[in-house]
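Here is a protein to explore by question and answer. Take a look at it before reading on.

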Amino acid sequence: MADKTDALLTDYYSGVIDTKILLRRSELQWRPTDDNAGIKSINKHTRPLEDMFARYEADSILHELTSHRDTIKQLETTWDETTREIARMHYDRRERLSWVIISMRVNLSERTCRTYQKAFKQSVTEAIDELKIAV
């Protein structure tokens, strides 16, 4: 049964998290921030780039999405190439590969592939729990 970690890994490997990050940044970029629309302010500083970066830093949704992406990206580097490939093939929903096809592509048994996937999933779950990132 799929859980929150499976959903997170599926979103990461399918490119959904990157799309959500880009969408959230564009929402923040084009959101009007002036409460006094139409009224000229004498002491208003115009720093659109700095204001935009401040909105990016203050946004909790954007921060959570980038934390998820960066955590998984860092964990990927600690695993060997076979485990990364198995995780990518299993969680990428664009291809929807079965365990039989995955095992044939990496030249391992289905059971071994599932063991690699479970170990990878467990490490992601532990890392997210350590960082106290809400999934």
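## Helices and cores

Reader: How many helices and strands make up the secondary structure of the protein?
Author: This is a predicted model. From the N terminus on, the elements run α-α-α-α-α-α-α. The secondary structure therefore comes to seven helices and zero strands.

Reader: What share of contacts between residues at least 6 apart in sequence join residues at least 24 apart?
Author: A contact means heavy atoms within 4.5 Å. Take the contacts between residues at least 6 apart in sequence. The share that joins residues at least 24 apart is 69%.

Reader: Is α1 largely enclosed or exposed?
Author: Buried means under 20% relative accessible area. The buried residues of α1 include Thr-5, Asp-6, Leu-8 and Leu-9. They also include Thr-10, Tyr-12, Tyr-13 and Ser-14. Eight of the 11 residues of α1 are buried, so α1 is largely enclosed by the rest of the structure.

Reader: Which helices do the buried residues of α1 pack against?
Author: Helix α1 covers residues 4–14. Its buried residues, Leu-9 among them, pack against α2, α4, α5 and α7.

Reader: How do α1 and α4 lie relative to each other?
Author: Helix α4 covers residues 60–78. The axes of α1 and α4 come within 11 Å and cross at roughly 85°. Angles of 65 to 115 degrees count as roughly perpendicular. So α1 and α4 are roughly perpendicular to each other.

Reader: Which residues of α4 does α1 meet?
Author: From α1, the residues in this contact are Leu-8, Leu-9, Tyr-12 and Tyr-13. The residues of the contact of α1 with α4 divide into five nonpolar, one polar and three charged. On the α4 side they are His-68, Arg-69, Ile-72, Lys-73 and Glu-76.

Reader: Which residues have the most contacts inside the largest nonpolar core?
Author: In soluble globular proteins, nonpolar side chains tend to be buried together. Here the largest nonpolar core has 19 residues.

Reader: What does Leu-9 touch, not counting residues up to four places away in sequence?
Author: Beyond four places away in sequence, Leu-9 touches Ile-72, Tyr-91, Phe-120, Lys-121 and Val-124.

Reader: Which residue follows α1, with a positive phi?
Author: Helix α1 runs over residues 4–14. The residue after α1 has a phi near 85°. That residue is Gly-15.

Key. Residues numbered from 1 in each chain as written. Predicted model: local features only at pLDDT ≥ 70, side-chain atom pairs only at ≥ 80, totals over all residues. Heavy atoms only, no water. Helix = DSSP H or I, 4+ residues; strand = E, 2+ residues; numbered from the N terminus. Axes fitted to C-alpha atoms, helices over the stretch in contact; angles between N-to-C directions. Parallel < 35°, antiparallel > 145°, perpendicular 65-115°, else oblique. Nonpolar A, V, L, I, M, F, W, Y, C, P; charged D, E, K, R; others polar. Core = buried A, V, L, I, M, F, W, Y, C linked by side-chain atoms within 4.5 Å. Buried < 20%, exposed > 50% of the residue type's maximum accessible area, 1.4 Å probe, protein only.
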